[in-house]
Amino acid sequence: MQALPNGVQTIVRAVADLCGASVDDARMLHEHSNAAIALPAARLLVRIAGSPEAFDRIRQSVEVTRWLAQRDFPCVKPHDLLPFRVEDRIVSVWQLLDAVEEPPGTGAELGRILRALHGQPAPPLELRRLTDPLASVASAIEQHPDGMTPQDRSWLTNRIDELRSAWATLTPPLSPGLIHGDAHSNNLIRLRSGDIVLGDWDHVAHGPREWDLIQPHYMRRHFNRHSEQELREFTDTYGWDVRSWDEFPTLIQVREITGLSPYIRKAPGQDWAREEVAHRVATLRDEDSAALWNPPPNSGIQTKVVAPQ
């Protein structure tokens, strides 16, 4: 087994006991808002949510993807084992995909998969309602007040209040329904077959479809993840341009703030996260919409793993 943090080793062994799976080849893939550990021989992927409040969201991600997979929608597939707790961590187990790094998912593929998702009927289960996308970041500030300076905390708290009021008055032009909640190209997974599936369903909900459509524009603005051509292909394939909506600026401002949550939670104990929070808040205060932001440090950790044949 690859050297894993003690808490992660405990969780991996729990999965081994529950699934009867071999974990000798366990490998950490990434760790940010969630941790992901591959078990290649068992063809399983273990995902660990750090927030004890996440249980209902993780359970719903399993329920929705199981239903979508039954409808042949291209998404990750959960294992039969239901999500469970190990102390304050939420654990879910998924089928390990035969994924490859290249070529990455395109704007057109993201537009096509979101059009198919938004065309699905209502799932036969009670979906979480996306009524306050800023709840997580507000909670992070409250729980981790030392994650930023008092001045930044005061500004950000006030800004959240302003954007919550703006969100409450939005009148989206598209009908609300099933949304992924974090639909950007980093969550597209290329299979060895060439097909694309959509992963990371932790934020699945019933809400405005525009929330899914804002994600690639947010990624373009602050991470330079899409070219203008890719955004045009995304829009053309989906069939509607969210930028034509008068409330586009408000929506992307809400998205910018929500992206702070995992950094604020890590900031008290990790310098890189604290520095990134300060950097992002400074650019938001300056209304610098072209400022580039930094993703979590890679540290040489792989983002995908190929399952054995």
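Predicted model: local features only at pLDDT ≥ 70, side-chain atom pairs only at ≥ 80, totals over all residues.
Let me start with Leu68, which touches Phe73, Cys75, Leu117, Gln120, Leu178 and Trp201 when residues up to four places away in sequence are not counted, a contact being heavy atoms within 4.5 Å. Residues are numbered from 1 along each chain as its sequence is written, and side-chain values use heavy atoms, with hydrogens and water left out.

Leu68 belongs to the largest nonpolar core, which has 69 residues, and Leu68, Leu114, Leu156, Trp201 and Ile264 are those with the most contacts inside it. By a nonpolar core I mean a set of buried Ala, Val, Leu, Ile, Met, Phe, Trp, Tyr and Cys residues joined through side-chain atoms within 4.5 Å, where buried means under 20% relative accessible area, exposed means over 50%, and partly exposed lies in between, with a 1.4 Å probe and protein chains only. Helix α6, residues 209-223, gives the most to this core, with 6 residues; helices (H or I, at least four residues) and strands (E, at least two) are DSSP runs, numbered from the N terminus. There is also a second, separate core of 21 residues, and Met28, Val46, Val86 and Val93 are among them.

Staying with α6, how do the axes of α6 and α7 cross, and at what angle? They come within 10 Å and cross at roughly 165 degrees, the axes being lines fitted to C-alpha atoms, for helices over the stretch in contact, with angles that run from 0 to 180 degrees between N-to-C directions. The two helices α6 and α7 are therefore roughly antiparallel to each other, since angles under 35 degrees count as roughly parallel, over 145 as roughly antiparallel, 65 to 115 as roughly perpendicular and the rest as oblique. On the α6 side, Arg209, Leu213, Pro216, His217 and Arg220 meet Glu228, Leu231, Phe234 and Tyr238 in α7.

Helix α7, residues 228-238, has another partner in helix α3, residues 107-118, and here the axes come within 7 Å and cross at roughly 25 degrees, so α3 and α7 are roughly parallel to each other. The residues of α3 that meet α7 include Leu110, Leu114 and His118, and those of α7 that meet α3 include Phe234 and Tyr238.

Turning to helix α8, residues 248-258, we find Arg255 in it, and Arg255 counts as buried because its relative accessibility is 9%. Arg255 touches Asp182, Trp211, Ile214, Gln215 and Tyr218, again leaving aside residues up to four places away in sequence. Phe248 is also placed in helix α8, and it counts as buried at 13% relative accessibility. Phe248 and Glu210 are 38 residues apart in sequence, yet 8.8 Å apart in space from C-alpha to C-alpha.

Finally, a few details of the backbone. Most residues other than glycine have a negative phi, and most peptide bonds are trans. The peptide bond from Glu102 to Pro103, however, is cis, with omega near -10 degrees, and Pro103 lies in the loop between β5 and α3. Arg43, in the loop between β2 and β3, has a positive phi near 60 degrees, and Arg43 is partly exposed, with a relative accessible area of 37%. Asn224, in the loop between α6 and α7, likewise has a positive phi, of about 55 degrees, although it is not a glycine.
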